[in-house]
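Visitor: I am new to this structure. Please show me how to read its features.

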Amino acid sequence: MNLNEIENSVQRHKEKSPKTYDKVLEVAIPFYIAHKNMTDSLCAMHEKKYEISNAELDVLSSLKLVGDENYTLSPTKLYSTMVFSSGGMTKVLKKLENKEYVIRIDNETDKRSKLVQMTPKGEELLSHALKDVVDLEKDFFSPLGDEEQKVLKELLYKVLKDK
(Lines give C-alpha, C1' and ligand atoms only; values in the text may rest on other atoms or scores of the structure.)
Protein backbone atom coordinates (compact mmCIF):
# COMPACT_ATOMS: atom_id res chain seq x y z
CA MET A 1 0.00 0.00 0.00
CA ASN A 2 1.52 3.33 -1.03
CA LEU A 3 1.23 6.61 0.87
CA ASN A 4 -1.71 7.85 -1.22
CA GLU A 5 -3.62 4.65 -0.53
CA ILE A 6 -2.98 5.05 3.19
CA GLU A 7 -4.25 8.63 3.11
CA ASN A 8 -7.28 7.49 1.10
CA SER A 9 -7.95 4.75 3.66
CA VAL A 10 -7.99 7.29 6.47
CA GLN A 11 -10.18 9.64 4.44
CA ARG A 12 -12.63 6.82 3.59
CA HIS A 13 -12.98 5.99 7.25
CA LYS A 14 -13.60 9.66 8.03
CA GLU A 15 -16.31 9.91 5.34
CA LYS A 16 -18.00 6.52 5.73
CA SER A 17 -17.88 6.23 9.49
CA PRO A 18 -17.71 9.76 10.92
CA LYS A 19 -19.03 8.62 14.31
CA THR A 20 -16.02 6.34 14.82
CA TYR A 21 -13.42 8.58 13.18
CA ASP A 22 -10.75 10.17 15.31
CA LYS A 23 -7.51 11.88 14.27
CA VAL A 24 -5.61 9.11 16.06
CA LEU A 25 -6.44 6.94 13.02
CA GLU A 26 -3.96 9.06 11.06
CA VAL A 27 -1.29 7.42 13.24
CA ALA A 28 -2.93 4.05 13.94
CA ILE A 29 -3.72 3.07 10.35
CA PRO A 30 -0.16 3.67 9.04
CA PHE A 31 1.16 1.86 12.14
CA TYR A 32 -0.99 -1.21 11.44
CA ILE A 33 -0.07 -1.17 7.75
CA ALA A 34 3.65 -0.88 8.54
CA HIS A 35 3.37 -3.79 10.99
CA LYS A 36 1.46 -5.89 8.45
CA ASN A 37 3.96 -5.13 5.68
CA MET A 38 6.91 -6.10 7.85
CA THR A 39 5.20 -9.25 9.15
CA ASP A 40 4.09 -10.30 5.65
CA SER A 41 7.65 -9.80 4.34
CA LEU A 42 9.10 -11.88 7.16
CA CYS A 43 6.58 -14.68 6.69
CA ALA A 44 7.14 -14.79 2.92
CA MET A 45 10.93 -14.83 3.36
CA HIS A 46 10.81 -17.67 5.90
CA GLU A 47 8.40 -19.74 3.83
CA LYS A 48 10.49 -19.30 0.68
CA LYS A 49 13.99 -19.55 2.12
CA TYR A 50 13.50 -22.04 4.97
CA GLU A 51 10.09 -23.63 4.32
CA ILE A 52 9.10 -22.69 7.85
CA SER A 53 6.07 -20.81 9.10
CA ASN A 54 6.17 -17.85 11.43
CA ALA A 55 4.52 -19.99 14.13
CA GLU A 56 7.24 -22.64 13.79
CA LEU A 57 9.96 -20.00 14.01
CA ASP A 58 8.27 -18.51 17.07
CA VAL A 59 8.35 -21.91 18.80
CA LEU A 60 12.07 -22.30 18.06
CA SER A 61 12.70 -18.75 19.31
CA SER A 62 10.78 -19.46 22.51
CA LEU A 63 12.80 -22.62 23.11
CA LYS A 64 16.01 -20.63 22.75
CA LEU A 65 14.98 -17.53 24.70
CA VAL A 66 12.69 -18.96 27.40
CA GLY A 67 13.88 -22.56 27.61
CA ASP A 68 16.60 -23.92 29.81
CA GLU A 69 20.28 -24.29 28.86
CA ASN A 70 19.32 -27.24 26.63
CA TYR A 71 16.57 -25.21 24.89
CA THR A 72 13.88 -27.37 26.49
CA LEU A 73 10.33 -26.47 27.58
CA SER A 74 7.10 -28.26 28.29
CA PRO A 75 4.38 -27.91 25.63
CA THR A 76 2.23 -26.19 28.29
CA LYS A 77 4.91 -23.56 28.93
CA LEU A 78 5.36 -23.12 25.18
CA TYR A 79 1.72 -22.43 24.43
CA SER A 80 1.29 -20.19 27.47
CA THR A 81 4.33 -18.22 26.29
CA MET A 82 3.02 -17.93 22.76
CA VAL A 83 -0.79 -17.53 22.73
CA PHE A 84 -1.44 -20.88 21.04
CA SER A 85 -4.13 -23.35 21.93
CA SER A 86 -2.83 -26.74 22.94
CA GLY A 87 -4.24 -28.19 19.71
CA GLY A 88 -2.52 -25.53 17.64
CA MET A 89 0.74 -26.11 19.48
CA THR A 90 0.50 -29.86 18.85
CA LYS A 91 0.26 -29.26 15.09
CA VAL A 92 3.22 -26.88 15.05
CA LEU A 93 5.33 -29.22 17.17
CA LYS A 94 4.52 -32.15 14.88
CA LYS A 95 5.73 -30.14 11.87
CA LEU A 96 8.93 -29.19 13.69
CA GLU A 97 9.51 -32.81 14.71
CA ASN A 98 9.03 -33.99 11.13
CA LYS A 99 11.62 -31.43 9.99
CA GLU A 100 13.93 -32.62 12.81
CA TYR A 101 14.12 -29.15 14.41
CA VAL A 102 12.80 -30.42 17.75
CA ILE A 103 12.59 -33.71 19.58
CA ARG A 104 10.38 -34.91 22.43
CA ILE A 105 12.19 -36.11 25.53
CA ASP A 106 11.00 -37.68 28.76
CA ASN A 107 10.00 -35.31 31.52
CA GLU A 108 11.89 -36.43 34.64
CA THR A 109 9.48 -34.59 36.96
CA ASP A 110 6.24 -35.71 35.30
CA LYS A 111 6.26 -39.13 33.64
CA ARG A 112 2.89 -38.40 31.97
CA SER A 113 4.34 -35.73 29.71
CA LYS A 114 7.16 -35.13 27.27
CA LEU A 115 9.32 -32.04 26.98
CA VAL A 116 10.18 -30.28 23.73
CA GLN A 117 13.85 -29.75 22.97
CA MET A 118 15.38 -27.89 20.04
CA THR A 119 17.88 -29.94 18.06
CA PRO A 120 21.22 -28.63 16.76
CA LYS A 121 19.58 -28.57 13.31
CA GLY A 122 16.79 -26.38 14.72
CA GLU A 123 19.30 -24.12 16.46
CA GLU A 124 21.24 -23.65 13.22
CA LEU A 125 18.09 -22.82 11.27
CA LEU A 126 16.99 -20.37 13.98
CA SER A 127 20.35 -18.62 13.92
CA HIS A 128 20.17 -18.06 10.15
CA ALA A 129 16.50 -17.11 10.18
CA LEU A 130 16.92 -14.58 13.01
CA LYS A 131 19.86 -12.99 11.19
CA ASP A 132 17.56 -12.61 8.18
CA VAL A 133 14.91 -11.04 10.42
CA VAL A 134 17.37 -8.43 11.66
CA ASP A 135 18.54 -7.72 8.09
CA LEU A 136 14.95 -7.27 6.91
CA GLU A 137 14.16 -5.01 9.86
CA LYS A 138 17.27 -2.93 9.17
CA ASP A 139 16.13 -2.54 5.57
CA PHE A 140 12.56 -1.74 6.65
CA PHE A 141 13.70 1.09 8.93
CA SER A 142 16.52 2.28 6.64
CA PRO A 143 14.55 5.36 5.44
CA LEU A 144 14.97 6.65 9.00
CA GLY A 145 18.31 8.00 10.14
CA ASP A 146 19.83 7.01 13.47
CA GLU A 147 18.30 9.97 15.30
CA GLU A 148 14.86 9.31 13.76
CA GLN A 149 15.04 5.67 14.80
CA LYS A 150 15.93 6.78 18.33
CA VAL A 151 12.94 9.17 18.40
CA LEU A 152 10.62 6.47 17.02
CA LYS A 153 11.81 4.05 19.71
CA GLU A 154 11.23 6.65 22.42
CA LEU A 155 7.74 7.40 21.07
CA LEU A 156 6.82 3.71 20.90
CA TYR A 157 8.12 3.15 24.43
CA LYS A 158 6.06 6.11 25.58
CA VAL A 159 2.94 4.62 24.00
CA LEU A 160 3.68 1.18 25.49
CA LYS A 161 4.47 2.47 28.98
CA ASP A 162 2.15 0.95 31.57
CA LYS A 163 0.33 -1.20 28.95
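Visitor: Is V159 buried or exposed?

Guide: V159 counts as exposed, because its relative accessibility is 55%. Buried means under 20% relative accessible area, exposed means over 50%, and partly exposed lies in between (1.4 Å probe, protein chains only). V159 sits in helix 7. Helices (H or I, at least four residues) and strands (E, at least two) are DSSP runs, numbered from the N terminus.

Visitor: What kind of model is this?

Guide: This is a predicted model: local features need pLDDT of at least 70, side-chain atom pairs count only at pLDDT 80 or more, and totals for chains, interfaces and linings use all residues. Residues are numbered from 1 along each chain as its sequence is written, and side-chain values use heavy atoms, with hydrogens and water left out.

Visitor: Which residues form the nonpolar patch on the surface?

Guide: First, the rule. Patches are made of residues with over 30% relative accessible area and no salt bridge; like charges are joined within 9 Å, nonpolar side chains (Val, Leu, Ile, Met, Phe, Trp, Tyr) within 5 Å. A salt bridge is a side-chain nitrogen of Lys or Arg within 4 Å of a carboxyl oxygen of Asp or Glu. Here the nonpolar patch holds F31, Y32, L156, Y157, V159 and L160. Together they have about 690 Å² of accessible area, by the Shrake-Rupley method with a 1.4 Å probe, where only the protein chains shown count as cover for residues.

Visitor: Which elements give two or more residues to the nonpolar patch?

Guide: They are helix 2 (25-50) and helix 7. Helix 7 gives the largest share, four residues.

Visitor: Which residues form the negative surface patch?

Guide: Lys and Arg count as positive, Asp and Glu as negative; His and the chain ends are not counted. A charge is placed at NZ of Lys, CZ of Arg, CG of Asp or CD of Glu. In this model, D146, E147, E148 and E154 make up the negative patch. D146 belongs to helix 7 (residues 146-160). D146 counts as exposed, because its relative accessibility is 70%.

Visitor: Now the sheet. What is the order of its strands?

Guide: Strands of a sheet pair through backbone hydrogen bonds, either parallel or antiparallel. Two strands pair if DSSP finds at least two bridges between them. This open sheet has three strands in the order 1-3-2, with antiparallel pairing. Strand 1 (72-73) and strand 2 (102-106) are at the edges with a single partner strand each, so one side of each has no neighbour in the sheet.

Visitor: How many bridges join strand 2 to strand 3?

Guide: Five bridges join them, and strand 3 covers residues 114-118. Among the pairs, I105 has L115 as its bridge partner, and D106 stands opposite K114. Strand 1 pairs with strand 3 over two bridges. There, L73 stands opposite V116.

Visitor: Why is strand 3 largely enclosed?

Guide: Four of its five residues are buried, so the rest of the structure largely encloses strand 3. In strand 2, V102 is buried too, with a relative accessible area of 1%.

Visitor: What is the phi of E51?

Guide: Most residues other than glycine have a negative phi. E51 is not a glycine, yet its phi is positive, about 55 degrees. E51 lies in the loop between helix 2 and helix 3 (54-65). E100 also has a positive phi, near 65 degrees. The loop between helix 5 (86-98) and strand 2 holds E100.
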